[in-house]
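This report considers a structure in terms of its packing, its chain contacts and the confidence of the prediction. Please examine the sequence and the structure shown here before reading on.

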Amino acid sequence: MFNYLDIYIKKIPFCLPTRTRTLDFTIKSENQVKFAEDKMMKKIDISTIAYICGIMMLIVASNLYAQDLTAHEIINTMTETMNPDQSQGKMKMTIVTTSGQERTFEYETFSKNQGEKSLMKYVKPTRVKDQAILMLNNADDIWVYFPRTKRVRKLATHAKKQKVEGSDFSYEDMGASNTFIDEYNTVRHSDEKKEGRQCYKLELTRKSESSASYSRIVMWVDKEYMVPLVIDYYHEDDPKLWEKQLVCSDIQLIDGIYTPMKIVMYNKLDNTQTGMEIIEVTYQVDLPDDLFTEQGMQK
Amino acid sequence: MKHLILASCPDLSFWIIIYRKIVDPAKREILVLGTWFLELRTWRLGFVSCILVLATTVVYAQVDIYGYFEPQFSGMYYDSAFYQVNYNKLRIDLKSTAVKNIEFGANAIYLLYFGKKDWDILDFLPEHIVSTIPSEMYPYYQLTFKDTLFLDNAYARMNIRRLALTVGKQQLSMGTGYFSNPTDVFNTKDALDPTYEQPGHNAIRLDLYIGNRMNLMGLYTPIASDWENSGKLVRAKIGIGHFDFSILGNEMQYTTTDFYTFELTQQRRRIIGADIVGELLGLGIWAEGAYSFLEENDDDFYEFIVGTDYTFESGLYTMLEYHRNSLGKSDYTEYNLNDWMRFFTGETKTISQDQVYGFIQYPLTDLISIGSSIIVSVSDKSVAFVPTINYSLFENVDLMLIGNFYVGDEGKTFSSSLGNGGFFRATVYF
């Protein structure tokens, strides 16, 4: 509810100054000024009333709308929020291994067309420095660039099940932007509080024709930010076997988009975890198409 | 054993250089496998490159310096005795992108050998072949691993919009095959360790990226003193759906050695090749083939490879490749000295005509993966088992243990009489 109200309130202030400015341009004499002031007062009165009425109606409508949001609408809005048109950033990935050691990776990320194209370039550690992963068509096509041999290798989609650099994220977890919509049927359950916030609870069940890696997904989507706070992933073959849990936190508004700055994936079967932290990110970029090519991987 | 020795010597061209350059066929002068002049050349190159790099560092102070240190211990049981040949390898990479759109890259490698450094290749050849070699020629077949420093890569790469020009000693890799690449005229992979880095090659390379998934490549490799005999290669690559296709044409001068007389023959070859990689019914598939037209006789030959792979939900990765090399022989009793030595030196990729490679790998934990390669020489019915363990000890430290166990009769590609063993490699990145 709040995010729709928030969007509306953001739009209101743009309306008022525009009207005032229009009046300023038309004022030419004192009479005209007085007439204009009276007219303006009347207009403001009307505007104020309309404004208040509008807000009240919006609150009522938003409440009704929120209650009536279907699972499909929630998942669509969430996917839209989580996949801005373009983005560029730097991430830090920390893997906590079974032996309790920490492994830290840093990489640059670029994405375009709401995540349909994405590119990752490792910066640290030196073992994987300059290694790049290009994913096109929502990670249906994956290429990996190995800088020491200057070789680009295309991976088949089954490789999406492989772990990225031994982390708890698979290529599928990292790359597919619209998997939740395309590969799963979604059902909305009663709202629940998660991580201290009001959330929509959704249950996603893999479509029969899908080859997605998880048979079932349960997620809690923050009502205000429309980003998932917690996602539980269940095993490919056993919908009751809890395999992984993703927890998002530190949500910040960046370039008008709510962004979880910290993400942790817990592997419930291996008892490992991988954290991802956004070091910097911007959504106001115009990335060239040739970045998402073999040439772009090697630049 | 052949593989073990080659694995102990990461620069595969080292062997080829020894046979092609150190042994002078005209004078029949036996230079017992020393590499002193090779070292002289590389030292000079190394010195010049160091000066260049230092100058660059001073001017721009924007040079990334990184690399790795890699000790490797190789051991084998052969003829009821245990032998070891080991090395310490230091690779230092330098990279600068201080000038806009231009990347400078270089790396120098220093190899320090210890253990049994002197080997006699005749010890590993079948008795009936050794008996055909005159005894006065025996010293030709000595091999000594000598410490060496060389500049493996040194190049400048310029990117201008959709054009990339790379000039200098650089990595060149072609093809989609895993264990072998028929279209790769520059490198010969070691089937025991096929993903290991390859040596750099002097070349001028131009890449033109026409569309998002289409590019043309032109390559000139000045391997001869004139334009005509130097290498020329063009390749077109296009992506359609879930597939990448490429075709290439190549013309290059090759050197063939007669290992009975150590005479070298220069031979111009024209090669047409193609490769494809993609997905079918959920399986990864690829194929790669090349046909070689020889200029002076009719012994044209072809080579192709087809492969498939799949990753199971458990993380188990499986791969299978079939490889045919018409230059190889289908009857192992016909293998002669030239076949063996050309196989050892990389002049030919296989000694037998048909091979099947299998590979499986399973992530035992998040830090340890185990696997095994099985290399079957179908033509002579011999097999090599190559179990592997990879352990990520620390963030920048990888450990690798590879074994090799040959099952085959005397005279076959993987004869058990070649010796069994393995190596342990630690790679410390900095």
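In this predicted model, the largest nonpolar core has 55 residues. The residues with the most contacts inside this core are A:Leu119, A:Ala132, A:Leu134, A:Ile142, A:Leu202, A:Ile217 and A:Val221. Strand 4 of chain A (residues 132-136) contributes the largest share of the core, namely 5 residues. Apart from this core lies another, of 27 residues, which includes B:Ala191, B:Tyr335, B:Phe414 and B:Phe423.

The surroundings of A:Leu202 illustrate the packing in chain A. Leaving aside neighbours within four places in sequence, A:Leu202 is in contact with A:Ala71, A:Ile74, A:Ile75, A:Thr186, A:Val187, A:Arg188, A:Met219 and A:Val221.

A second residue, A:Val227, is located in the loop between strand 9 (216-222) and strand 10 (228-234) of chain A. Is A:Val227 buried or partly exposed? A:Val227 has 18 other C-beta atoms within 10 Å, and is therefore partly exposed; a buried residue would need 20 or more. Not counting residues up to four places away in sequence, A:Val227 touches A:Met78, A:Thr81, A:Met82, A:Val221, A:Asp222, A:Cys248, A:Ile251, A:Tyr258 and A:Pro260. The C-alpha atoms of A:Val227 and A:Asp140 are separated by 24 Å, and these two residues are 87 residues apart along the chain.

The contacts between the chains form a further topic. On this interface, 32 residues of chain B are in contact with 36 residues of chain A. Strand 8 (201-211), strand 12 (263-280), strand 13 (283-294) and strand 14 (301-311) of chain B each supply at least two residues of the side that touches chain A. Strand 14 of chain B gives the most to this side, with 3 residues. By class, the side of chain B that touches chain A comprises 9 nonpolar, 14 polar and 9 charged residues.

Confidence in the model must also be considered. The mean pLDDT of chain A is 79, and 77% of its residues reach 70 or more. Among the elements of chain A, strand 9 has the highest mean pLDDT (95), whereas helix 1 (residues 2-26) has the lowest (32).

| Stretch of chain A | pLDDT | Contacts beyond four places in sequence |
|---|---|---|
| Residues 1-36 | under 50 | 23 contacts |
| Residues 58-65 | under 50 | 8 contacts |

Where pLDDT is low, the predicted coordinates should not be read in detail.

How values were computed: Residues are numbered from 1 along each chain as its sequence is written. Chains are lettered from A and ligands numbered from 1 in the order in which they are written. This is a predicted model: local features need pLDDT of at least 70, side-chain atom pairs count only at pLDDT 80 or more; totals for chains, interfaces and linings use all residues. Two residues are in contact if their C-beta atoms, placed from the backbone, lie within 7 Å. Helices (H or I, at least four residues) and strands (E, at least two) are DSSP runs, numbered from the N terminus. Ala, Val, Leu, Ile, Met, Phe, Trp, Tyr, Cys and Pro count as nonpolar, Asp, Glu, Lys and Arg as charged, and the others, Gly among them, as polar. A residue is buried if 20 or more other C-beta atoms lie within 10 Å of its own, exposed if 12 or fewer, and partly exposed in between; C-beta atoms are placed from the backbone. pLDDT is the predictor's confidence in each residue, from 0 to 100. A nonpolar core is a set of buried Ala, Val, Leu, Ile, Met, Phe, Trp, Tyr and Cys residues joined through C-beta atoms within 7 Å.
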